[in-house]
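Trainee: I'd like to learn how to read the features of a structure that is new to me. Can we go through one together?

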Amino acid sequence: MSYNVNEKGYYGQFGGAFIPEMLYPNTDELRRQYIEIMEAADFQQEFRQLLRDYVGRPTPLYFAERLSETFKTKIYLKREDLCHTGAHKVNNTIGQILLAKRLGKNRIIAETGAGQHGVATATVCALMGIECVVYMGEVDIARQAPNVARMKMLGATVKPATSGSRTLKDATNEAIRDWINNPVDTHYIIGSVVGPHPYPDMVARFQSVISEEVQQQLLEKEGTPNPDYVVACVGGGSNAAGLYYHYLDNPEVGIIAVEAAGKGIHTGESAATSALGKVGIIHGSKTLLMQTPDGQITEPYSISAGLDYPGVGPMHANLYASGRGEFISITDKEAMEAGLLVSKLEGIIPAIETSHAFAIFDHRSFKPDDIVVFNLSGRGDKDLQTYIDYFKL
Amino acid sequence: MNRITKKLREDGKLLSIYFTAGYPELEDTVPIIKALERNGVDMIEIGLPFSDPLADGPTIQESSTAALRKGMSTELLFEQLEGIRDSVKIPLIIMGYFNPVLQYGVEAFCSRCADIGIDGLILPDLPLDVYQEEYEAIFKKYGLQNMFLITPQTSDERIQQIDEASEGFIYMVSSASTTGAQTGFGTEQQQYFERIARMQLEHPQIVGFGISNAETFEQATRKAKGAIIGSAFIKFLTKEGKEHIDQFIKSIKIPV
């Protein structure tokens, strides 16, 4: 049994394409072509070259000595925070913009929550000279002003999503509606391993450069490509999918997924989808999602804008349901304190999303010779105001 | 015979109205159905509200949000519809998104629909292949017709496939758009209407999206069997109230 996607677009019982007919031609075109396009030699050459020269890959795999001493195990950090634009998100947007060009599309749309994916999309659109429209919830626009400004500087149009809770899920709805209204010339760059097939697989493949590099780098440093554990935070799950990808079917490597418990799983203000979600349909995918008993999608909460998505990618839903992945929920408080600790011990201020992953040591222990690779998925610059307010800095 | 099939065999063009259950007021569902039938509407789509209606524009989104806020739910809708067949004779269809149906339980949902006298379902985000593999048998067991959508971008091959899988009618989305986004039909739509007419499909087509008045109704039904009005009716309800439904219907189609 594989934990990767099957030919019908499912991970176990999760995934598929639950989309209205209006989206069928677009997703069908993608489904038929994405693997062929991505595997073509000229595509790979252009993709790899941009990852190297523009994004700054390979990102380092850094042995975190002081963290390792503190938690008495061998901790490596995969430094996705050093990517251009400050997070792993750009791996996917570089890939998708090249794909969009080959599909002959001349307009790009995207959704964004905290603004990281919006910035990464606006960046590659500027790079390629392609029109870019980013949907962002009205509430998020107000609380993420610097990223809104960055997108505008990069030439993107930021359109407020004013429906529903006016956050990420509604921005995604608006982007999907835009795609319905512009089916021919537009490509929708989804930012995570969510949405209808083939998006979860396509985004995971673009992000899989992370685990591909970890394998090589770990082999050089430890004489084995396999860590004992790979650890990543999961909102939609793209950085996690990238870190897990080449280890999915390798039973020697433990998979740990860290979700945002918000103020606590049972407080009603949480984003711990595996703990609180039930199987349902969100944004065209069958997955675990937070919803009322009546099937209405509920609004999650996390101090981290990148983790407050009510669903989770179908790959991760399957890792949870099958027991292949170990899921841990971390509260705002635990995450903030872990972020401060990593800053002080390693001189790296992580994004609050990433900080959640570093808080697992209160929940589980590792053996002294375990090799534990964390995806340091993003840097904390964008979160400074939240850190300032929280710690009264 | 299913009421939808029977209705489709009648002469003349059919006017179908979509409205959101529980809007403008929670208890308006049944009075609106009765008023629509009284005023000569041929078929009704009762919208089961959903928090995240992907295929809908602002009007239906807002009416759905309002209905949910007032307490509309799947169970409440079924309770409201109990006994509807004592008076209402025209075909009734529930239109909504798949997740609420999935949470209710697909078989339980279908069984309840059959008890009430619902004739069919339109679930735009339940794809054809999943329906056929997992749910068709259940729908058939309870005598419910499942209507599929086609759009101007749907290939001829897929339209044939949908025609084969269909019962009742084919829901012909007039243009590449969400609901309520169009204001009239141009040459592109006319060509699409003609292309579909030339295909000589087995199942009649009812056009939806972009029909808001007598003119667009007439244009949409030149080739197709009927047309569905949703957003324009909801806008009317919001502005004029349910007491004046007769005026709206008369402005579209003179009752036979």
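Predicted model: local features only at pLDDT ≥ 70, side-chain atom pairs only at ≥ 80, totals over all residues.

Trainee: How many salt bridges does the rule find across the interface of chain A and chain B?

Mentor: There are 3 across that interface. Take A:Lys8 and B:Glu133, whose closest N and O atoms are 3.1 Å apart. The rule also finds 19 residue pairs in polar contact between chain A and chain B, both partners at pLDDT 80 or more.

Trainee: Which element gives the most to the side of chain A that touches chain B?

Mentor: That's H8(A), with 8 residues. The residues on this side of chain A divide into 17 nonpolar, 8 polar and 9 charged.

Trainee: And what is the area buried between chain A and chain B?

Mentor: About 2,800 Å², with carbon and sulfur atoms giving 53% of it. On the chain A side, A:Glu21, A:Met22 and A:Arg177 lose the most area to chain B, together 22% of what that side buries.

Trainee: Now rings: what describes a pair of them?

Mentor: The distance of the centres and the angle of the planes. Here, B:Phe236 and B:Phe248 make a tilted pair, 5.1 Å centre to centre with 50 degrees between the planes. B:Phe236 lies in helix H11 of chain B and B:Phe248 in helix H12 of chain B, so the pair ties together parts 12 residues apart in sequence.

Trainee: Is B:Phe248 buried or exposed?

Mentor: B:Phe248 is buried, at 6% relative accessible area, and B:Phe236 is buried too, at 14%.

Definitions and conventions:
Residues numbered from 1 in each chain as written. Chains lettered and ligands numbered in written order. Heavy atoms only, no water. Buried area = accessible area lost by both parts, 1.4 Å probe. Salt bridge = Lys/Arg side-chain N within 4 Å of Asp/Glu carboxyl O. Polar contact = N/O pair within 3.5 Å; in protein donor to acceptor, adjacent residues only side chain to side chain. Helix = DSSP H or I, 4+ residues; strand = E, 2+ residues; numbered from the N terminus. Nonpolar A, V, L, I, M, F, W, Y, C, P; charged D, E, K, R; others polar. Phe/Tyr/Trp six-rings, centres within 6.5 Å; stacked < 30°, edge-to-face > 60°. Buried < 20%, exposed > 50% of the residue type's maximum accessible area, 1.4 Å probe, protein only.
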